[in-house]
Amino acid sequence: MFKYSLNPLPKTPEEIKTFLEEKLTNNLESLEIREMVAGAEEKTSFYDMWITCDKGAFIDLVDSLFMLDFPIFHVISGDDVGDFVLLNYHFSLFASAGRGKRVGVVVSVKVQKNDLTMQSLYDKIPGIEYSEREMHEMLGVSFEGLPDQSLVFLPENWDEKVHPWRRDDSGLSPKHIRELS
Amino acid sequence: MAIGEGKTYTIPIGPVHVGLKEPITAWLQVDGERIVDVRIRPGAIHRGIEYMARERNPIQVIYLAERICGICSFAHIISFVRAVEDAASIPVPPRAKYIRTILLELERIHSHILWAGVACYTFGYDSAFNLGMLLREKVMDVLEAMTGNRVNYGVGTIGGVRRDITPQVAGAIEEMVEYYKREFSYFYNAVTEDPIVKARMRNVGVLSEKDAVRYCAVGPTARASGLRVDLRWSSPYEAYEDLNVEPIVPQDYFGNAQGDVFDRFFVRVMEVYQSLEIIEQCMDGLPEGPIMHEPKPAKLLNLLKTADGVGQSSIEAPRGDDTHVIKLTQAQENVTWWKVRAPTYANAMSWPIMFKDQEIADAPLIINSIDPCISCMERMLIVNEKGSSTVATKEELIRICRDKTRRLMHR
């Protein structure tokens, strides 16, 4: 289904926006295009897209990105925001399509704490493994379909019920923190 | 049981190992001398640096970011401050953009020469290693003259840089460029024209173009596999918008990319020449004007407290794409959260593929070939399935790697 090559024919952010809005009709909660400038004369040098979508539409959105180009995966960032954990998936499209043609795509998804699960992208993008495992250990999100959900950065003897980036009771307690000064 | 009949042994390399610049663990599954599978376990040096940032303001986090890595420290702070500038909509004066670009390229030169020299040392080419280290000193001297430090320069800030280029430093940069144009070819020729070097690096640790895409490889590792990717070209930042930068890929020189250790070596060496050209372009076009948007830290902090949002930055560090993401919350002095994705985080995913069907003697070279940003080690432990173990010292491991070079020389 997926092509493991980079598309040399770029699309503009507006074309990407139109394409995604057609594919995902009412499932995009927001889509912002950020113009990035560089050089002495502050010329527009590339664009970033910031998308928020419902958890149920996430896989459809990623599949739609695949129709444009292989979405090169950078990282998942995230935070504990009260009732939910926010995950931001950072991708690039058209990274090989020419000077200034790369479009950064950030997809934000809210994962409610009463169901802290996400569909893994490992079968589509194997390079996502460390990031999904990191979000699992640091924020407690489980990824369905990720073959190895073991700790990746935390010590082998770490209590897996403790998630260091959570801001609720499952986060760090003072006994986990060593103050050096 | 004979070799090739299915019985395998596990060799753990690391977390502390001579072939690694920093701690990480690799369990090599071997059948005789052949590696059949690999499992990587990072985490030995995780310092919780992103968590620490939550109790610091963005200016304090600059100095945390600078300590993520001793080699590409400036790349990390530039990616960090760019993410903050994105979140807070803070402009950067043109002159500061050019100075940032010059420093990023000086850092790339010293990082690539260091890597190329260490690669030669790994397989026993000590004269090339020593020549590499000798050559590297010139750029280190320029960095020290420009910033006061050889590493962790302390000159980056949000909305600009903290040190200008003086006429004396400009002269030192010009002299350095001439020096490398004159002298670096000796290193390049000594390595690339040596048939033994080619035998040690060609067809070793191959990463195909398809796997480089699937595993999202970055930087010289991705380019060596034929991917025409370079953030300085595909999404120009700082002064790169005004400069002529193209991704360096082996197919433009050899007709095709083999994605092996030699191609990774070649890409980095050619990027040293490219960095010299970029520095020359920057010095020729260096704009006049201020170097900071807001020189007073207290006023800058007040400005940052008005920001509310998430910012991101991906820049082309020496090892590849270095991504920082930051969240600032209005009226809060400290960073809400911060995520760092260093290039090795991406490239380490490709290690198991590079190791497959390779010899143990090539393992240190393959590990180093992605230029891992993880410190040195002293020994490895060899364990067989009955649980008995022997310790291979640094000297023994180097001997295994160098013995292979000697065998090739005597063929």
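Student: In S8(B), which residue is the bridge partner of Lys327(B)?

Tutor: The model is a predicted one. Strand S7 (residues 320–328) of chain B runs antiparallel to S8(B), and five bridges join them. Within S8(B), the residue that bridges to Lys327(B) is Trp337(B).

Student: Which strands of the open sheet in chain B stand at the edges?

Tutor: The open sheet has three strands, in the order S6-S7-S8 (chain B), with antiparallel pairing. A strand at the edge has a single partner strand, so one of its sides is left without a neighbour in the sheet. This holds for strand S6 (309–317) and strand S8 (337–341) of chain B.

Student: What angle does the direction of helix H3 of chain B make with that of S6(B)?

Tutor: From one strand of this sheet to the next, the twist averages 10°. Helix H3 (residues 73–88) of chain B packs on the sheet and touches S6 and S7 of chain B. The angle between the direction of this helix and that of S6(B) is about 150°.

Student: Which element gives the most to the side of chain A that touches chain B?

Tutor: The contact draws 38 residues from chain A and 37 residues from chain B. On the side of chain A, the elements that give two or more residues include strand S2 (43–53), strand S4 (84–93) and helix H3 (129–139). The greatest contribution, six residues, comes from S3(A).

Student: What pattern does chain A follow along the sequence?

Tutor: Chain A has three helices and seven strands. Its C-alpha trace spans about 50 × 40 × 30 Å along the principal axes, and buried residues account for 41% of its 181 residues. Read along the sequence, the pattern is α-β-β-α-β-β-β-β-α-β.

Student: Which residues does Leu28(B) touch, not counting residues up to four places away in sequence?

Tutor: With residues up to four places away in sequence left out, Leu28(B) touches Ile11(B), Ile13(B), Ile35(B), Val38(B), Phe355(B), Ile360(B) and Ala363(B).

Terms used:
Residues are numbered from 1 along each chain as its sequence is written. Chains are lettered from A and ligands numbered from 1 in the order in which they are written. This is a predicted model: local features need pLDDT of at least 70, side-chain atom pairs count only at pLDDT 80 or more; totals for chains, interfaces and linings use all residues. Two residues are in contact if their C-beta atoms, placed from the backbone, lie within 7 Å. Helices (H or I, at least four residues) and strands (E, at least two) are DSSP runs, numbered from the N terminus. Two strands pair if DSSP finds at least two bridges between them. Axes are lines fitted to C-alpha atoms, for helices over the stretch in contact, and angles run from 0 to 180 degrees between N-to-C directions. A residue is buried if 20 or more other C-beta atoms lie within 10 Å of its own, exposed if 12 or fewer, and partly exposed in between; C-beta atoms are placed from the backbone.
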